[in-house]
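These are my notebook entries on a structure I looked up today. I set down each point in the order in which I examined it.

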Amino acid sequence: MKKENVLIYPYDSQFTPMLRDKGFRERYDQVFISSLPGWGLCGKDASYTDGGDLIGITVSQEFEQMLGEVDTVIFAETDNSYSFKNNILPKVTAAIEAGKNVIFLMKITEQFHTIREQCIHKGVQFTSYRESNIEEAYQPAVSVQEIEDCRTPILALIGLAEYTNKFKLELELKAAFEDMGYRVSVVGSRPYCEFMGFHSFPTFMNELTNESDKILNYNKYIMHIEATEEPDLIIIAVPGGFMRYNNKITNDFGITAYEIFQAVVPDTAVLSLFHERYTSEYIEGILNSIKYKLGLDIDAINIANRQIDWIEMVSSQPGQVSTLTLNLDFMRKSTAECRLVTSIPVFNTMEKGDNEKIANLIIDKLSEAELALNF
Amino acid sequence: MLTEIKPLIHTFKNMSQFYFFDVNKNKIINIDEETYRALNDPDPTLIEGIPVIRKLQSQGYLSVNRAQEIKHANGEILEELLGYNLKKIILQVTQNCNFRCNYCVYSGSYVNRVHNNKRMDFAVARKGIDFLIAHSKDAQEIDIGFYGGEPLLEIDLIIQCMDYAIQVAEGKNVSFSLTTNGSLLNETNAKKLLGYNLRITVSLDGPQEVHDKNRTFASNGCGTFNTVYNNIKRIVQKYPSIKQNLSFSMVIDPTAQFSCLDEFIGSEEEFFNESSVIGSFISNAYRNEEVRFSENFIGEWEYSRFKYLLFVLGKVSKANNSQLIRSSYREHFDYVSKSHRNIAPIAKADHHSGPCVPGQIRLFMSTDAFFYPCERVSETSDIMRIGSIEEGFYFDKIEELLNVGKLTEDNCKDCFAFRNCKICASLSDDGTKLSRETKLKACQDVRYNLEEVLKDVVTLKECGLKKEMIQKAMS
């Protein structure tokens, strides 16, 4: 069957991990990407967003021009802010009018019905991964009373905050384990993970009001995945961060992470941090905080090639963490320095081969447990 | 453990009390006289036996920790900071001005260029705007500033630039800023500027007799106050919304009477309300002849500040609560509001506070498309030319400017103002090169000012200051 050509709009760093994913690239024949000019990406290689190795696709400003080349347009969620009315809606209309299928990873709440009607009228396929046309396999119940033990090994992925390359880690570890021949189920950190073939963070965790119900249902949700998918490994990624950054950026006060790890007990865990010049005291403090708050022992640390933009954070006090992308050469040196201050293995998911190393380390850890008699 | 190295602290007396400022902790500690004497003894081993000192040491105070090497942490990531996170570009749209101000840095009284007819072409301005967008993918917001000379001499170019920027920066929050002498901010021009996300800073130095003393028209040498004042009154009346985006820059002449300025701000409450007023003294940086403060001015200035502190403390019900006076206590109040916070000790390789990454926050582009760290440096000083639109950034030069502390490395390592320093390369530039002597002169001022801030802060504490009092006075 002929593969489709696809156009991604508006492209920025949030989509880059998917663009680097082998599975995603194999799904399509040609991938085109278009961005908003003010985001500073147009005319550059797609890798400019994350500072990683070249991707080989140039970001273009010319949405309409590329429309003629593709079958489907993916309207992506972004890290940059945009105006749906001014920046997105005209492009959606142009895509539908041109007879292209549309996929939404961004929320289109108010326009959902209108756009779907337009698609039906025009005879093009409409898919939204954020609104109601993706069925969730598990329906939460309020009568659940107890926690069950999961027999399948669980790998937890947590990040100090957003933008610590956690989603990239989710995709790449999944691929690495699958390449080793394991069957892997993933509950990802983003709300549109079904697009990448695994589970999103379940919506009931935001909809239920009783905290105990959330914990009990998350446990049942994982048990449901274990029973229906029979994986060798379950990867659970925690959305957002796990501790308050400041009075404004609260990262949910770590409540979501706490509830998840009350629901399930991971066998192994990887922590993603921003880049900084860490001291042994700082790393030890973070690891202790995770140990006593969440009950996790960290087996590997991923240092993201992003650093907090302290100038912005101090002077403007924005509502979200502002970061700076760091180049790989600098990261190599800095990661090596970080290895000197902690006994926990340190990696950088942007570095070629590091994800396979993390996967091997996890397998070794899980194999250790298998050495003892298990019943 | 006995040590020959002294703790990195600064001891001081205030009225009858004794204190030390701990640099690693950034905190002030009240001590008794005996401890004070021991800490000031030339023999550093003496302090080890004193119980109070032992207790403080056990809590992390009196650390001998200091930088082993003066090196700015951002020096290693300049390509990223300037490649991905430029915040602002200031376009020098003209080098011409219709004013001839006595203290203007382009007046001939400073080591700098002088007024002339050079202007920026739109083609050059466009490249500057493109440069900013291409180098700001990680910046949440960007700003484009317009500077002169008098930028409104080129209002059509400014409008053209703003229209272009809005178009090419689609998707990014873009704002604009303009620093003007206000003489051309008439109704016609104000109308043209409406509707843009533009912040306008008008230079107004005080009442007519103060303003006109230094600010005169180039054409006839007459005072400019009436023109500026009437323009602002008219445009605010006609377009009231403009007031929220208007701020005033007051260059305070220390040879004048401060009371005139004080009264002017007090009596023109309606004129200044909703707008911020930023005061600064005539700069001595790059100046050929130093401006000296008159005794009269110092007396009046300090008295006003003193009255304001009494007001903050609730000792008097009314005082000059102008933004000018308030801003002179910003450093004090910042210290007070953050005094409870713990901070990390000085790193082994560290740099004193003061320098920002040259060009990252306020990249200044001259009419002929050369880059400078900001608009405050001398355009004739070669060390300050940090790149061009055609060649990009000169990273070697930028790193040298950033690591300006290397000029005075040994002094900096032991300096109690390490974390409260305000010196950047512009205060160390003798007009041709970075100079250790010029920097050391600025160091004296920084240390003197910090000691004064510390003394003011402890005085306020002794008088019963609480954080809520500051919030109340500022509201």
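Which residues of helix 4 (residues 84-97) of chain A are buried? I note first that the model is predicted. In this helix I found A:Phe84, A:Asn87, A:Ile88, A:Lys91, A:Val92, A:Ala95 and A:Ile96 to be buried. I then looked at how these residues are placed around the axis: they cover an arc of only 135°, which puts them on the same side of helix 4 of chain A. I recalled the general rule that an α-helix has 3.6 residues a turn, so residues three or four places apart point the same way.

For the buried residues of helix 4 of chain A I listed the packing partners within chain A: strand 1 (4-9), helix 3 (63-67), strand 4 (72-75), strand 5 (101-104) and helix 5 (112-122). I also recorded that A:Gly99 follows helix 4 of chain A and has a positive phi, near 80°.

**Entry: A:Ala46**

I located A:Ala46 in the loop between strand 2 (28-34) and strand 3 (59-60) of chain A. Is A:Ala46 buried or exposed? I found that A:Ala46 is buried, its relative accessible area being 0%; the cut-off for buried is under 20%. Setting aside neighbours within four places in sequence, I listed the contacts of A:Ala46 as A:Tyr11, A:Thr16, A:Leu19, A:Ile33, A:Ile55, A:Ile57 and A:Val59. I also looked up A:Asn355, which is 309 residues from A:Ala46 along the chain; the two C-alpha atoms are separated by 21 Å.

**Entry: chain A as a whole**

I counted 13 helices and 14 strands in chain A. A compact globule of 375 residues would have a radius of gyration near 21 Å, and the 21 Å of chain A agrees with this. The C-alpha atoms of chain A fill a box of roughly 60 × 50 × 45 Å along the principal axes. I noted that 57% of the 375 residues of chain A count as buried. The accessible surface of chain A is about 16800 Å², with 49% belonging to carbon and sulfur atoms. Chain A carries 34 positive and 54 negative charges, and their mean positions are 4 Å apart.

**Entry: helix 9 of chain B**

Which residues of helix 9 (residues 258-267) of chain B are buried? I found B:Phe258, B:Leu261, B:Asp262, B:Phe264 and B:Ile265. They cover an arc of only 160° around the axis, which puts them on the same side of helix 9 of chain B. The face of this helix turned away from the buried side carries B:Glu263 and B:Ser267, both exposed. I recorded that the buried residues of helix 9 of chain B pack against helix 8 (225-238), strand 11 (246-252), helix 10 (269-272), helix 11 (295-312) and helix 12 (323-327) of chain B.

**Entry: chain B as a whole**

I counted 17 helices and 17 strands in chain B. The radius of gyration of chain B is 24 Å, close to the 23 Å that the globule rule gives for 475 residues, so chain B is as compact as a globular protein of that length. For contacts in chain B between residues at least 6 apart in sequence, 72% join residues at least 24 apart.

Methods:
Residues are numbered from 1 along each chain as its sequence is written. Chains are lettered from A and ligands numbered from 1 in the order in which they are written. This is a predicted model: local features need pLDDT of at least 70, side-chain atom pairs count only at pLDDT 80 or more; totals for chains, interfaces and linings use all residues. Side-chain values use heavy atoms; hydrogens and water are left out. Buried means under 20% relative accessible area, exposed over 50%, partly exposed in between (1.4 Å probe, protein chains only). Helices (H or I, at least four residues) and strands (E, at least two) are DSSP runs, numbered from the N terminus. The arc is that of the directions from the helix axis to the C-beta atoms. Contact means heavy atoms within 4.5 Å. The radius of gyration is taken over C-alpha atoms; the globule rule is 2.2 Å times the number of residues to the power 0.38. Accessible areas come from the Shrake-Rupley method with a 1.4 Å probe; for residues, only the protein chains shown count as cover. Lys and Arg count as positive and Asp and Glu as negative; His and the chain ends are not counted. The place of a charge is taken as NZ of Lys, CZ of Arg, CG of Asp or CD of Glu.
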